[in-house]
Amino acid sequence: MTADTDCLFCKIVTGEIPGDVVHRTERTVAFRDINPQAPLHVLVVPREHLPNAAALAEADPVATAELVTAAKAVAAAEGYDDYRLVFNTGADAGQTVFHAHLHVLAGRGQTWPPG
Ligand code: AMP
Ligand code: ZN
């Protein structure tokens, strides 16, 4: 599976829907979350459509690692050494978009455990 014509994040990856893109790599695209939960809140997504992080890791371990290194680059570019990475998986865990995405949050104290 490479794309899903009904998927919001596939459309941001291709540019069909505008996104505030801050970083691109061969296998990933990073854009600002439309409803930010911290001063820095970026989503790093694989260009390839997979429904969640585990499915992505099974299909493409290289792209999965690239999400994490892209997240570090996004945070560093905005001056953050410390940041939180989150993969919500499944509706009960808060996943609303079923295209794998890594949340990158920084710029405020992060509570633990998360809500
Ligand atoms: P999740 O709830 O983990 O599936 O995360 C989905 C995220 O996508 C939420 O934080 C939304 O605010 C964000 N989101 C939804 N639509 C857009 C959009 N058009 N551009 C950027 N972020 C979006
Ligand atoms: Zn998709």
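## A walk through the zinc site and its surroundings

Along the sequence, the residues that donate to the zinc ion (ligand 2) follow the spacing C-x2-C-x38-H-x49-H. Those donors are Cys7 (SG), Cys10 (SG), His49 (ND1) and His99 (ND1), and they coordinate the zinc ion (ligand 2) at 2.0 to 2.3 Å. Donors here are N, O and S atoms within 2.8 Å of the metal (3.2 Å for Na, K and Ca), and water is not among the atoms, so sites may look incomplete.

Before we go further, please keep in mind that this is a predicted model, in which local features need pLDDT of at least 70 and side-chain atom pairs count only at pLDDT 80 or more, while totals for chains, interfaces and linings use all residues. Residues are numbered from 1 along each chain as its sequence is written, chains are lettered from A and ligands numbered from 1 in the order in which they are written, and side-chain values use heavy atoms, with hydrogens and water left out.

Back to the metal. The 4 donor atoms around the zinc ion (ligand 2) subtend angles of 106 to 117°, and the arrangement is therefore tetrahedral. For that label, four donors need all angles between 85 and 135 degrees; four count as square planar and six as octahedral if opposite donors are over 155 degrees apart and all others between 65 and 115, and anything else is irregular. The site also links distant parts of the chain: cysteine 7 is in the segment before helix 1, whereas histidine 99 is in the loop between strand 4 (84-86) and strand 5 (102-106), 92 residues apart. Helices (H or I, at least four residues) and strands (E, at least two) are DSSP runs, numbered from the N terminus. Histidine 49 has its place in another loop, the one between strand 3 (40-46) and helix 2 (53-59).

Buried means under 20% relative accessible area, exposed over 50%, and partly exposed in between (1.4 Å probe, protein chains only). Histidine 49 also counts as buried because its relative accessibility is 5%. Cysteine 7, at 7% relative accessibility, is buried, and cysteine 10 is buried with a relative accessible area of 5%. The side chains of histidine 49 and histidine 99 are joined by a polar contact of 3.3 Å; such a contact is a pair of N or O atoms within 3.5 Å, where within protein one must be able to donate a hydrogen and the other to accept it, and residues adjacent in sequence count only if both atoms are side-chain atoms. As for disulfides (pairs of cysteine sulfur atoms within 2.5 Å), the count comes to 0.

Two further residues bring us to the neighbours of these ligands. Aspartate 4 is in the segment before helix 1 and is partly exposed, with a relative accessible area of 30%. Leaving out residues up to four places away in sequence, aspartate 4 touches Cys10 and His49, where contact means heavy atoms within 4.5 Å. The aspartate 4 side chain also reaches the backbone nitrogen of aspartate 6 at 2.9 Å. Phenylalanine 98 is in the loop between strand 4 and strand 5 and counts as partly exposed at 40% relative accessibility.

Now for the aromatic rings. How many aromatic pairs does a search of the whole structure find? It finds 1 aromatic pair. Phenylalanine 9 and phenylalanine 31 form this edge-to-face pair, 5.2 Å centre to centre with 70° between the planes. Phenylalanine 9 lies in helix 1 (residues 8-14) and phenylalanine 31 in strand 2 (residues 28-32), so the pair ties together parts that are 22 residues apart in sequence. Rings of Phe, Tyr and Trp (its six-membered ring) pair if their centres lie within 6.5 Å; planes under 30 degrees apart count as stacked, over 60 as edge-to-face and the rest as tilted. Both phenylalanine 9 and phenylalanine 31 are buried.

Strand 2 also holds threonine 28, which is buried at a relative accessible area of 0%. The side chain of threonine 28 makes a polar contact with that of threonine 25 (2.6 Å). Beyond four places in sequence, threonine 28 touches Val44, Val45, Pro46, Arg47, Ala63, Glu66, Leu67 and Ala70.

One last stop is the segment after strand 5, the place of proline 113. A cis peptide bond joins tryptophan 112 and proline 113, with omega about 0°.
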